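My notes follow as numbered points.

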Amino acid sequence: MHAITIPEPGGPEALVWAEAPDPEPGQGEVLVGVAASAVNRADILQRQGFYDPPPGASPYPGLECSGRILSVGPGVSGWSEGDEVCALLSGGGYAEKAAVPAGQLLPVPRGLDPVTAAALPEVTCTVWSNVFMVAHLRPAETLLVHGGASGIGTMAIQLAKAVGARVAVTAGGPEKLARCAELGADILIDYREQDFVEELRKATDGAGADVILDIIGAKYLDRNVRALAANGRLAVIGLQGGVKGELNLGMLLGKRAAVTATSLRGRPPQEKAAIVAAVREHVWPLIEAGTVKPVVDRVLPMPEAAEAHRTLESGAHVGKVLLVAPAGRR
Ligand SMILES: NC(=O)c1ccc[n+]([C@@H]2O[C@H](COP(=O)([O-])OP(=O)(O)OC[C@H]3O[C@@H](n4cnc5c(N)ncnc54)[C@H](OP(=O)(O)O)[C@@H]3O)[C@@H](O)[C@H]2O)c1
């Protein structure tokens, strides 16, 4: 097969489409013929040499894929050769074939084409596991989503609206905020011009956010805690603004609030399987009903992964950037 390899860490040009050995499906795994993958922030860090794949994972980038099952390994039930699937991966999505633990497979939702389905696994699993399984967002509560126009943000807005929550977003500029509003966001905050703590306070009669989904980390830690409502839950999933911050425990204590942080990639397969099962149960029906839609910014040929990384790094995109494998075009 061919895969995007990283012979030496570096800029986007470090991504090289080259021949690579076919993966072998092990116990409990299937081999997927990849139609498409999608670009995630973590792939950029991996390309730069700052985020090695976890032990046992494929050395190639790509945390999700879609395609068709080519063969089924020992100990797999419920899936057959030829099934159209999408999958959460620990790596190896930027390739023509990927070996996937069966617990990380999802069917391509009814009504969706297999290429577009590659936009779903990472954002649905990350948002569902953090906003709902950890932070327990409830109807009529307020969720603040930082980076509302990101891949993660576009899914978080839609899922929170689908359960009847009120959604506030931050984004850089009116165009991105307008896209967030189209997806259902109620409170729009331009973080380049406005203070999100103050804007949220005004929009919630002083109450603040019940749940915050944060991708900035250290730089926003203090302001996030200030923006939380009583009994609020701050779920940190990204560290774009640094890893070490000062936590005001007095304020946390006074609000009876909680701070959590999780990363999906390094979780054991059983935990990933539990998240995937919850997403299939709760999110897939919303996608099949058309209530929640994948937001795809653009689709590029997989060998042009370097261009896809430049797009993500420029910050010009809204939603997901997909990479279609040569077989995905047929
Ligand atoms: N922990 C996990 O398991 C997990 C899983 C998946 C993703 N993530 C994290 O989630 C984040 C989003 O991932 P993605 O793949 O969806 O990336 P993405 O589409 O590239 O989004 C990055 C976003 O960050 C926004 N941003 C930058 N500075 C900001 C600021 N100061 N305030 C608010 N927003 C700001 C950008 O928006 P503007 O252009 O509007 O500035 C952009 O939309 C990344 O940090 C990623 O590492 C974590």
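1. Helices (H or I, at least four residues) and strands (E, at least two) are DSSP runs, numbered from the N terminus. On that basis, α3 (121–134), α4 (151–162) and β9 (166–171) each supply at least two residues of the shell around the ligand.

2. This is a predicted model: local features need pLDDT of at least 70, side-chain atom pairs count only at pLDDT 80 or more, and totals for chains, interfaces and linings use all residues. Residues are numbered from 1 along each chain as its sequence is written, and side-chain values use heavy atoms, with hydrogens and water left out.

3. The ligand is surrounded by 25 residues. Gly-172, Lys-176, Tyr-191, Leu-264 and His-317 are the closest. The shell comprises 9 nonpolar, 13 polar and 3 charged residues. Here Ala, Val, Leu, Ile, Met, Phe, Trp, Tyr, Cys and Pro count as nonpolar, Asp, Glu, Lys and Arg as charged, and the others, Gly among them, as polar.

4. Check the polar contacts (a pair of N or O atoms within 3.5 Å). A polar side-chain atom of Lys-176 is 2.5 Å from a ligand oxygen atom. For His-317, a polar side-chain atom lies 2.8 Å from an oxygen atom of the ligand. Ile-237 uses a polar backbone atom, 2.8 Å from a ligand nitrogen atom. Taken alone, the ligand exposes 920 Å², and the protein buries 89% of that (Shrake-Rupley method, 1.4 Å probe).

5. Which pocket does the ligand take up? Its space is the largest pocket (more than half of its atoms lie within 2 Å of the grid points). A pocket is an open set of points on a 1 Å grid over the protein atoms alone, with protein on both sides within 12 Å along at least five of seven lines; lining residues have an atom within 4 Å of a point. The volume of the largest pocket is about 1,400 Å³, the space filled by probe spheres set on the points. Its lining has 49 residues, with Arg-41, Ile-215, Gly-238, Leu-239 and Gln-240 nearest the centre. α1 gives the most, 5 residues.

6. The second largest pocket has a volume of about 490 Å³. It is lined by 28 residues, and β6 contributes the largest share, 4 residues.

7. One cavity of 30 Å³ or more is present (a set of points where a 1.4 Å probe fits but cannot get out). The largest cavity has a volume of about 40 Å³. α4 supplies the largest share of its lining, 4 residues.

Technical notes:
A residue is near a molecule or strand if one of its heavy atoms lies within 4 Å of it. A polar contact is a pair of N or O atoms within 3.5 Å; within protein, one must be able to donate a hydrogen and the other to accept it, and residues adjacent in sequence count only if both atoms are side-chain atoms.
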